[in-house]
Amino acid sequence: MAKNNIDSLLEKSLLSLGIKEKLAYRVDISKRKDLGDYATNVAILAASKLSQKPLELASKIAKKIVTLDSEGIFSKVDVAKPGFINFTLSPSYLFQTLSNIHDQDHAWGRKKQKTGEKTLLEFVSANPTGPLHVGHGRWAVIGDNIGRLLKAVGVELDTEFYINDVGRQVNLLEASVRAKREGQGVPIDGYGGSYIVEIEGKTQKEMLDYLLNQQRQTLDRLGVKFDKWFPESTLHDGKKIKEAILKLSNSGLTYKKDGALWFKSIEFGDDKDRVLIREDKNSTYFAADVAYHLDKFDRGYRYLIDIWGTDHHGYVKRLKSAMKGLGTPVENFEIIIGQLVTLYRGSEPVRMSKRTGEMVTLEEVIDEIGADATRFFFSATDVNSHLDFDLELAKKKSSDNPVYYLQYAHARMCSILKKSARGPTSNEQVDLTKLDHPAERELMVKLLVWPEVVDQAARLRHPHRITEYGKELAALFHSFYEKCKVLGNPARLVLVDASRITLRNVLELLGISAPERM
RNA sequence: GCGCCCGUAGCUCAACGGAUAGAGCGUCUGGCUUCGAACCAGUAGGCUGGAGGUUCGAGUCCUCCCGGGCGCGCCA
């Protein structure tokens with residue numbers, strides 16, 4: 001990565017200038033393309049600490065870097081206004097990257113080395129009491145994307161779906177089926193969806209299996225697969241819950257009150273203490289969840305990541321408290337809270353109700369707009385923001401969906417390469433120095449930055465950075481295509497092929513198909 | 001009432017404390033006898049909800065206010 005080159009040159013320069021202060025400086029891909037490809041604020045930060053003038057210090061550092069740049073990475077290193085140092089990459093460095101992309105192919109943008117961080121990512125974990133809805137779709141896609149991102153940067157990752165096959169909701173499902181058969185209304189907190197008739201006459205286990213299988217099929221259509229489906233019931237059967245509670249009790253973190261057993265979560269900063277075993281001697285969902293997460297660590301995972309809807313955010317404190325009480329490394333337990341999806345038909349919000357069964361299922365959305373568009377739609381926004389999903393818009397404008405913008409660019413690239421009959425040959429014979437058009441340069445720089453985008457997106461758990469990048473890459477390619485005739489120009493064919501590989505890898509990382517024609 | 005999240009162009013959304021806040025859709029104007037027009041080029045559109053503060057620098061951090069979402073069970 002270019003950033004690594006800059007980092008190490010910068011470090012050497014600072015050292016040789018005698019600047020040893022620990023500084024939280026940044027080296028970033030520049031937004032001001034007119035000023036350079038990369039920029040750093042190190043001189044601004046160092047100047048205030050050393051009480052020097054930022055601009056002067058910046059010049060000093062920039063000069064040093066130039067003298068140390070024996071490989072000729074930069075064609076220009078200069079300074080600007082408050083004290084930024086701007087780096088412009090040399091053509092030879094860009095050409096080298098093109099060859100690199102060609103050689104790495106599918107590995108381009110992925111880290112070769114494993115980090116050895118055995119990690120478990122849990123998401124969706126919907127109740128097996130009905131079809132998945134649009135909200136689940138968001139967690140499914142985001143979770144799957146984060147999983148792909150983490151694997152791409154070398155994390156040893158497993159994914160898991162927790163099945164709540166025990167508890168009140170399961171009994172309510174049965175009661176709802178019974179009520180329906182007997183022509184009665186939907187029980188309080190019960191389920192009224194049309195699917196209820198589909199599971200009539202089944203045993204409880206058969207009902208859950210049936211609904212779970214439906215969920216699995218829907219997820220399959222989205223390309224979301226889990227390494228493991230973990231039923232809550234196994235925690236009860238295997239005494240895991242009792243063991244976890246006992247462990248807390250042995251640490252003096254529980255007490256009895258009103259016939260129930262409580263966990264002292266206030267001691268860990270929670271608002272109130274929480275019940276582990278109810279007065280009726282049944283354990284709570286909380287107790288099972290504690291046992292479940294303890295089990296995750298016991299299974300050898302060093303890092304845990306959960307994705308929850310914001311409707312469960314109040315639950316974070318108590319679970320982390322319990323995990324702390326059990327002596328697990330909570331600092332390795334990350335919970336990503338996603339905001340909910342509001343569904344609209346035009347300007348009318350669609351009310352979702354499990355009781356009346358009024359809902360738009362994820363299955364229906366996929367039917368309407370397709371798996372690729374569904375994935376893109378959920379991938380393209382920050383999970384920390386509410387999402388307004390207008391069904392009318394999604395249906396009507398399906399061909400305007402940005403996903404087609406990326407796919408079209410990919411198809412175009414493939415078409416050109418096909419027409420040129422350019423096989424998977426090496427680039428060595430091609431004179432890349434002919435690539436000197438501004439549009440070509442811009443495209444090359446965008447390609448070069450790809451591994452850093454992956455890195456950043458993985459670190460921040462922000463898959464939408466990948467969709468943003470994809471849009472930018474496609475736009476630069478289309479623009480380049482308008483300006484530069486490719487056929488008959490070997491150097492440009494190399495560039496198109498590198499673009500093709502990169503864009504395909506973008507789509508791969510998003511779980512979206514990369515069609516060769518459309 | 002308390003806690004968490006959000007408020008950016010007409011709409012849907014980007015912007016890991018950096019430089020001139022960016023895209024898509026919608027508006028308006030051009031571009032296919034030539035590699036794929038599902039595209040491109042240009043145009044218009046903003047006091048980043050409001051007020052203070054911290055900083056060399058704030059859409060981003062802190063405080064308060066306004067508006068919206070979600071929680072605050074011996075439900076899951």
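I began with the surface near RNA strand B, where I found 28 nonpolar, 26 polar and 21 charged residues. For this tally, Ala, Val, Leu, Ile, Met, Phe, Trp, Tyr, Cys and Pro count as nonpolar, Asp, Glu, Lys and Arg as charged, and the others, Gly among them, as polar. A residue is near the strand if its C-beta atom, placed from the backbone, lies within 6 Å of it.

A note on the source: this is a predicted model, in which local features need pLDDT of at least 70, side-chain atom pairs count only at pLDDT 80 or more, and totals for chains, interfaces and linings use all residues. Residues are numbered from 1 along each chain as its sequence is written, while chains are lettered from A and ligands numbered from 1 in the order in which they are written.

Next I looked up who surrounds RNA strand B: there are 75 residues, and the closest are Ala39, Asp258, Gly314, Tyr408 and Ser415. Helix α15 gives the largest share of this surface, nine residues. Others supplying at least two residues include α2 (42-50), β4 (84-89) and α18 (464-483). Helices (H or I, at least four residues) and strands (E, at least two) are DSSP runs, numbered from the N terminus.

Then I turned to an open sheet of four strands, paired antiparallel in the order β1-β2-β4-β3. Two strands pair if DSSP finds at least two bridges between them. β1 (27-29) and β3 (74-80) are at the edges with a single partner strand each, so one side of each has no neighbour in the sheet.

Last, I checked β1 and β2 (residues 38-40): three bridges join these antiparallel strands, and Val27 has Thr40 in β2 as its bridge partner.
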